[in-house]
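Open the model in your viewer and keep the selection panel to hand. We will go stop by stop.

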Amino acid sequence: TARLVTGIGALVTCAGPGGDVPVGDRSLDAATRLGVVEGAAVVVEDGWVAWVGPAAQAPAADDRVDLQGRAVVPGFVDSHAHLVSAGDRAAEFAARMAGTPYDGGGIGVSVAATRAASDDELRALLAARVAEARALGTTTLEVKSGYGLTVEDEARALRLAAEVTDETTFLGAHVVPAEWRDDRGGYLDLVTGPMLAACAPHAHWVDVFCEPRSPHAFTAEEARRVLLAGRAAGLGLRVHGNQLGPGPGVRLAVELGAASVDHCTFLDDADVDALAAASDTTVATLLPGVEFSTRMPYPDARRLLAAGASVALASDCNPGTCNTAAMPFVIALAVRELRMTGAEALVAATVGGARALRRTDVGRVAVGARADLAVLEAPSYEHLAYRPGMPLARALS
Ligand code: NIG
Ligand code: FE
């Protein structure tokens with residue numbers, strides 16, 4: 001059945017002036033890509049966009065919803081989130097605000113709580129987080145494992161994640177868990193052997209926390225092993241890199257053709273050059289909610305954009321470094337702290353996320369794309385950064 005969504009004040013298609021620019025086309029600047037249509041309507045058929053244009057020219061439909069002048073943007077594509085965990089680390093956050101630096105050690109606290117939780121408890125926590133994200137405009141969500149770190153607990157996390165999204169990521173190499181601290185090689189054998197075998201059927205991607213500065217995370221050589229094993233098992237590659245200091249993550253991700261390298265907080269010239277040269281392959285995903293919640297310096301988005309890198313924005317929602325999945329908050333941070341324009345931030349949170357997940361069917365409002373719309377309680381997308389903290393965006397269901 002066809003449903004007419006009408007009364008849209010300003011529709012941001014993120015598909016360019018003609019409404020047909022693909023996700024992978026990087027020739028347009030962000031402002032041009034917005035492709036704003038005033039007084040627009042959209043026809044949705046079975047979850048897909050069938051028609052976009054001025055409301056006065058809209059075809060007949062079985063059913064209609066009138067948005068009474070609200071703006072519409074593509075639903076946010078949050079390409080990085082850790083939503084399968086139990087317990088919280090509010091005390092760690094409070095200590096950090098008082099000056100204790102983040103080093104990844106708190107992940108073990110979440111691992112213990114997650115292992116102790118029942119399937120139903122984890123499922124309910126995950127469902128509540130997905131609902132919170134949708135209520136703020138997110139329509140595509142990547143979900144990682146990484147708080148189980150045993151064969152059974154990682155496979156369970158991915159089975160649960162697969163109940164809510166196709167974008168599931170195996171993160172057995174999040175940290176070396178306490179029981180393996182004296183045998184890192186043994187843990188890597190487990191991750192790349194039986195754990196990967198149990199998880200790969202439920203996972204689309206493999207990820208690794210490559211951060212030689214953290215005693216808990218992985219070196220470049222360890223990360224390479226994990227990524228190559230994941231690739232051999234049919235998974236696409238993602239990397240957590242250059243979060244806590246300069247390091248090898250970005251260059252490893254580019255070398256292996258990963259879809260995305262996430263954080264990118266500490267980059268040298270060679271990292272930026274590598275991301276620019278690989279801009280059709282590897283996205284630089286910025287997670288400014290992490291810098292907000294860890295008191296770290298923000299990543300240099302302007303340098304990446306000036307160099308021609310492909311940039312995405314995501315939440316990294318997790319109990320340690322950023323306990324929020326609010327993409328409007330991430331957009332506000334990107335505008336205020338990363339000095340991205342409102343258009344750059346919105347494109348990075350939609351088209352950028354789609355590229356980071358190698359998706360062509362989301363991130364835009366265009367004929368042939370999924371009908372994933374976010375309605376704004378506002379006349380224009382600029383209000384997302386202009387009215388931070390206000391619940392302006394919701395996914396249209
Ligand atoms: O992306 N840096 C590694 N992993 C997460 C944090 C996980 C945690 O602290 O629980 C991140 O920031
Ligand atoms: Fe993360």
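Is Cys264 buried or exposed? Select Cys264: it is buried, because 28 other C-beta atoms lie within 10 Å. The cut-offs are 20 or more other C-beta atoms within 10 Å of its own for buried, 12 or fewer for exposed, and partly exposed in between, with C-beta atoms placed from the backbone.

Two notes before moving on. This is a predicted model, where local features need pLDDT of at least 70, side-chain atom pairs count only at pLDDT 80 or more, and totals for chains, interfaces and linings use all residues. Residues are numbered from 1 along each chain as its sequence is written, while chains are lettered from A and ligands numbered from 1 in the order in which they are written.

**Two cysteines with positive phi**

Stay on Cys264. Its phi is near 55°, a positive value in a residue other than glycine. Cys264 sits in the loop between strand 12 (260–263) and helix 9 (269–277). Helices (H or I, at least four residues) and strands (E, at least two) are DSSP runs, numbered from the N terminus.

Now select Cys14. This residue is not a glycine, yet its phi is positive, about 55°. Look for Cys14 in the loop between strand 1 (2–11) and helix 1 (30–33). Cys14 is buried, with 29 other C-beta atoms within 10 Å.

**The domains**

Colour domain 1 (2–75 + 362–395) and domain 2 (77–325) separately. These bounds come from an automatic or database domain assignment. The domain centres, taken over C-alpha atoms, are 30 Å apart. At the boundary, 10 residues of domain 1 are in contact with 10 residues of domain 2; contact means C-beta atoms, placed from the backbone, within 7 Å. Strand 16 (residues 393–395) gives the most to the domain 1 side, with 3 residues.

For another selection, take residues 72–380, listed by UniProt as "domain: Amidohydrolase-related" (unreviewed entry). UniProt positions are given in the numbering used here, feature names are shortened, and annotations may be inferred rather than shown by experiment. This stretch is 42% helix and 15% strand, and its end C-alpha atoms are 8 Å apart.

Two strands pair if DSSP finds at least two bridges between them. Zoom in on strand 9 (residues 168–173) and strand 10 (residues 205–210): they pair in the parallel sense over 3 bridges. One bridge to pick out joins Thr169 to Trp205 in strand 10.

**The annotated site**

UniProt (unreviewed entry) places a "binding site" at Tyr147, Asn318 and Gly320. They are spread over 174 residues of sequence but cluster in space, with a largest C-alpha distance of 11.3 Å.

Select Tyr147, in the loop between strand 8 and helix 5 (151–162). Tyr147 is buried, with 31 C-beta neighbours inside 10 Å. Leaving out residues up to four places away in sequence, Tyr147 touches Val84, Ser85, Ser110, Val111, Thr114 and Ala157.

Go to Asn318, in the loop between strand 14 and helix 12 (327–336). Asn318 is buried too, with 27 C-beta neighbours inside 10 Å.

**Ligand 1**

Finish at ligand 1. It is surrounded by 13 residues, the closest being Ile107, Phe209, Asn318, Gly320 and Thr321. A residue counts as near if its C-beta atom, placed from the backbone, lies within 6 Å.

Terms used. Contact = placed C-beta atoms within 7 Å.
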